[in-house]
Amino acid sequence: MSNSVFQPGENFAAAMDDRDPLKRYRERFFIPQIAGGDCAYLCGHSLGLQPKTAAGYVEQELEDWARLGVEGHFRASNPWMPYHRLLTEQTAELVAAKPIEVVVMNSLTINLHLMMVSFYRPTATRHKIVVERGAFPSDQYAVQSQIRFHGFDPATSFIELTPRPGESCVRDEDIESLIEHAGEEVALILLGGVNYATGQAFDMARITRAGHAQGCVVGFDLAHAAGNLLLKLHEWGPDFAVWCSYKYLNGGPGCVAGCFVHERHARAFDLPRFAGWWGHDEESRFEMGPDFRAMRGADGWQLSNPSIVSLAVLRASMDIFHEAGMERLRAKSVSLTGYLEFLLREKAAPGFSIITPHEKDRRGAQLSIRLHQNGRALCQRLAEEGIFGDWREPDTFRVAPVPLYNSYQDVFRFVRRFIAAIGPNT
Ligand SMILES: *Cc1c(COP(=O)(O)O)cnc(C)c1O
């Protein structure tokens, strides 16, 4: 790639912000403050910022609860009984799925377990689960506990995709060849859409094709992909996907999570599943009968009535996503992250390297910077100045300019302070 589209000076950042068709969206979010000014918050991969409209959406539900009590389930301005439906269409749009394929429910690790209950069905000869090395710890725990739950041993059933010696990211062709060679023993391929540590985006269409060709079930954890990449879940065809809503989706800490089950399983009522009343056929849910009848589609995996307050916040954010549009957001994101990479490479200070792939199709918003020494202290110093990324032991500083609310000037400030901070230590 030629970097000539970018220039090193601060004026360039200001000019890019002026020209940015999405710049007004920044005003729709609360930007954390320090000494009376905006922080450079490149931390939307950990916790997205609060939409200013969130309080109004929540207030509405609190008022209806105060006014109506239990009647709010049916008589609130947005009745709570079907409240999660208000998110179905926009969620489907966000991940390019059909409405029947998506639901917001529970939280991420719970959804991962629920999906494995239905879609990890090991046999004596096909019992392995493939994950990427360095998957988010919760995913590793969940997967290993499912393997044990079925009476298998992670030592023989847990397969990690590992980069080649000297490399930080797994090559797509290596994933494909592992699946081709060992696929017959693999029950489930479960990868992050974007790995949280390296920022690598996987080729989900290709992995799904390769997995299905070998008879494997394919699922994705999209915690770092939803609201970040342009997803095409229905077309790519994985069996399931799960994601949380508090990172790029700005639903607030612990917000209700997302789940995708491909349409081909919409009427798979014979699949094993853990059931709860909210997944029961709506027509007869309140007859309170003893026999579980699952709803069609992803809805049939719901367990409990969801937190309306939490869904209200998510609605505020999803309305903004709908308005801005994922295609425009992704286009800005490619440019912003490209600019971040350009500035970091332009300074080319010793003491750090970028481990995230350079190709735009192999990454989302995030760049992971490996710091060769004193990284933790450096990140703490930056945070005290209001320059935010996220530090992961032992050596990785993860920064993500988010196209909804970050500016080119945020990126410029970040790099200037980062380079100044790293200088004296190296
Ligand atoms: C953030 C994240 C989680 C967190 O799980 P919760 O159940 O929401 O606490 C799990 N997996 C991945 C890949 C994540 O990025």
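Over the ring of which residue does the charged end of Arg273 sit? The charged end of Arg273 lies over the ring of Trp301, at 3.9 Å from its centre. Lys52 is placed over the face of Phe30, 5.8 Å from the ring centre. A charge sits over a ring if NZ of Lys or CZ of Arg is within 6 Å of the ring centre and within 35 degrees of the ring normal.

The model is predicted: local features need pLDDT of at least 70, side-chain atom pairs count only at pLDDT 80 or more, and totals for chains, interfaces and linings use all residues. Residues are numbered from 1 along each chain as its sequence is written, and side-chain values use heavy atoms, with hydrogens and water left out.

**Salt bridges**

The structure holds 26 salt bridges, a salt bridge being a side-chain nitrogen of Lys or Arg within 4 Å of a carboxyl oxygen of Asp or Glu.

| Glu176 | Arg206 | 3.0 Å |

Glu176 forms its salt bridge with Arg206. This pair links distant parts of the chain, with Glu176 in helix α8 (residues 172–182) and Arg206 in helix α9 (residues 204–213), 30 residues apart. Helices (H or I, at least four residues) and strands (E, at least two) are DSSP runs, numbered from the N terminus. Glu176 is partly exposed at 23% relative accessible area, and Arg206 is likewise partly exposed at 24%. Here buried means under 20% relative accessible area, exposed over 50%, and partly exposed in between (1.4 Å probe, protein chains only).

Asp239 lies in the loop between α10 (233–236) and β9 (240–243), and Arg264 in the loop between β10 (257–261) and α11 (308–324), 25 residues apart. Asp239 is buried, at 6%, whereas Arg264 is partly exposed, at 42%.

Glu385 belongs to the loop between α13 (375–384) and β13 (387–388) and Arg417 to helix α14 (residues 408–422), so the bridge ties together parts 32 residues apart in sequence. Glu385 is partly exposed at 32%, as is Arg417 at 29%. Elsewhere, salt bridges that share partners join Arg26, Asp38 and Asp410 into one network.

**Aromatic pairs**

There are 15 aromatic pairs in the structure. Rings of Phe, Tyr and Trp (its six-membered ring) pair if their centres lie within 6.5 Å; planes under 30 degrees apart count as stacked, over 60 as edge-to-face and the rest as tilted. Tyr41 and Phe388 form a tilted pair, 6.1 Å centre to centre with 55° between the planes. Tyr41 lies in strand β3 (residues 40–41) and Phe388 in strand β13, so this pair ties together parts 347 residues apart in sequence. Tyr41 is buried at 10%, while Phe388 is partly exposed at 26%.

The ring centres of Phe136 and Tyr196 are 5.0 Å apart and their planes are at 70°, so the pair is edge-to-face. Ring pairs also link Phe6, Phe12, Tyr339, Phe342 and Tyr408 into a cluster.

**A loop asparagine**

Asn106 lies in the loop between β4 (102–105) and α5 (108–119). Its side chain makes a polar contact with the side chain of Asn111 at 2.9 Å. A polar contact is a pair of N or O atoms within 3.5 Å; within protein, one must be able to donate a hydrogen and the other to accept it, and residues adjacent in sequence count only if both atoms are side-chain atoms.
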